[in-house]
Amino acid sequence: MRVTLVTEGTYPIHPGGVSDWCDQLIRGLPEITFDVVALTGSGREPITYEPPPNRERVARIGLWAEPPRSRSRRRAHRADPEFLAAYAHLLEATLRGGPRAAEWVESALRRLRAYAADTPLTAALRSQGAVDLLVDVTSRTFDLRASPTLADALAVTDLVEHLLRPLQFPAPRTDLVHATANGSATLVGLLARWEHDTPVILSEHGVYLRERLLALRASGCGRVQRAVLGRFYARLSELGYRGCAAVLPVSRFNARWALRGGAAAARMLAAHRRRPDP
């Protein structure tokens with residue numbers, strides 16, 4: 001059996017904490033072959049963990065690196081209708097919400113994934129058309145008593161492009177994807193599920209959405225950016241919870257966040273369930 005372990009900012013680059021847990025997991029299952037997809041900053045960070053015999057490949061995706069080169073025969077244009085339609089779909093679903101928001105977000109990301117197959121998605125997401133679209137949708141969706149500024153739109157657009165960077169990389173070919181964080185890491189697994197029908201499991205050591213919301217509050221960014229990015233993080237987190245075959249929170253605290261974030265109770269196994277009374 002081959003398992004692809006997806007990490008973000010941890011194993012096998014940065015030691016301690018979650019990284020040690022990943023190393024123990026791989027070494028404790030010698031009968032399973034592991035590949036690792038590590039989401040990092042530049043994608044060039046050195047590996048610090050010695051590989052056990054059953055860890056074969058390590059691929060690094062630099063979320064903040066220079067964008068991947070494309071072999072596209074097309075170029076992303078300011079008003080490319082295919083991209084703008086898919087991106088508008090994503091923004092509307094993210095910002096408006098509603099009972100079908102998660103379904104629409106997944107549909108929009110699948111469309112962007114298809115677009116990225118032969119077109120440089122980074123260029124499209126950074127285009128003037130993408131910025132104008134964000135301003136338009138945000139202005140029509142939120143009652144913030146102030147329209148988003150150009151600085152707001154540029155900041156949000158830049159961050160969204162980095163978070164969606166996995167859409168431009170090949171989906172893992174494996175028997176199982178195990179993501180150790182929600183968000184972009186789980187998105188890697190969902191690509192394998194969408195394209196190869198590969199099951200995905202998620203074990204959260206920290207709560208992705210909570211950590212991102214706390215970081216937003218501490219960042220000092222304006223109200224528009226906090227509102228838009230907060231919704232985006234929530235939808236990306238919900239997508240991961242809903243798309244995994246099993247969600248494995250490491251504590252009851254994490255389990256409560258997962259349930260509130262969209263995880264189905266039937267698919268969730270908590271490490272610290274309350275024991276029945278004798």
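Helix H7 is followed by Asp197, whose phi is positive, near 60°. Helices (H or I, at least four residues) and strands (E, at least two) are DSSP runs numbered from the N terminus. The model is predicted; local features require pLDDT of at least 70, side-chain atom pairs count only at pLDDT 80 or more, and totals for chains, interfaces and linings use all residues. Residues are numbered from 1 along each chain as its sequence is written, and side-chain values use heavy atoms, with hydrogens and water left out.

H7 covers residues 184–196 and has 13 residues. From its first C-alpha to its last it reaches 18 Å, close to the 18 Å expected at 1.5 Å a residue; the expected span is 1.5 Å times one less than the number of residues. The helix is mostly covered, with 10 of its 13 residues buried (under 20% relative accessible area; exposed is over 50%, partly exposed in between; 1.4 Å probe, protein chains only). Among the buried residues are Ser184, Leu187, Leu191 and Trp194.

Strand S1 (residues 2–8) is largely enclosed by the rest of the structure, because five of its seven residues are buried. S1 runs parallel to strand S2 (residues 33–40), and seven bridges join them. Strands count as paired if DSSP finds at least two bridges between them. Leu5 stands opposite Val36 in S2. The chain passes from S1 through helix H1 (residues 18–28) to S2 in a right-handed β-α-β crossover. Right-handed means that, with the strands pointing away from the viewer, the path from the first strand over the helix to the second runs clockwise. S1 also pairs with strand S4 (residues 176–179), in the parallel sense, over four bridges. In S4, His178 is the bridge partner of Leu5.

The whole structure contains zero disulfides, a disulfide being a pair of cysteine sulfur atoms within 2.5 Å. The cysteine sulfur closest to that of Cys244 belongs to Cys22, and at 15 Å it is too far for a bond. Cys244 is buried, at 0% relative accessibility. Cys221 also counts as buried, at 14%.

The chain holds 10 helices and six strands. Its radius of gyration is 19 Å, which agrees with the value near 19 Å for a compact globule of 278 residues. That radius is taken over C-alpha atoms, and the globule rule is 2.2 Å times the number of residues to the power 0.38. The C-alpha trace spans about 55 × 50 × 35 Å along its principal axes. Buried residues make up 50% of the chain.
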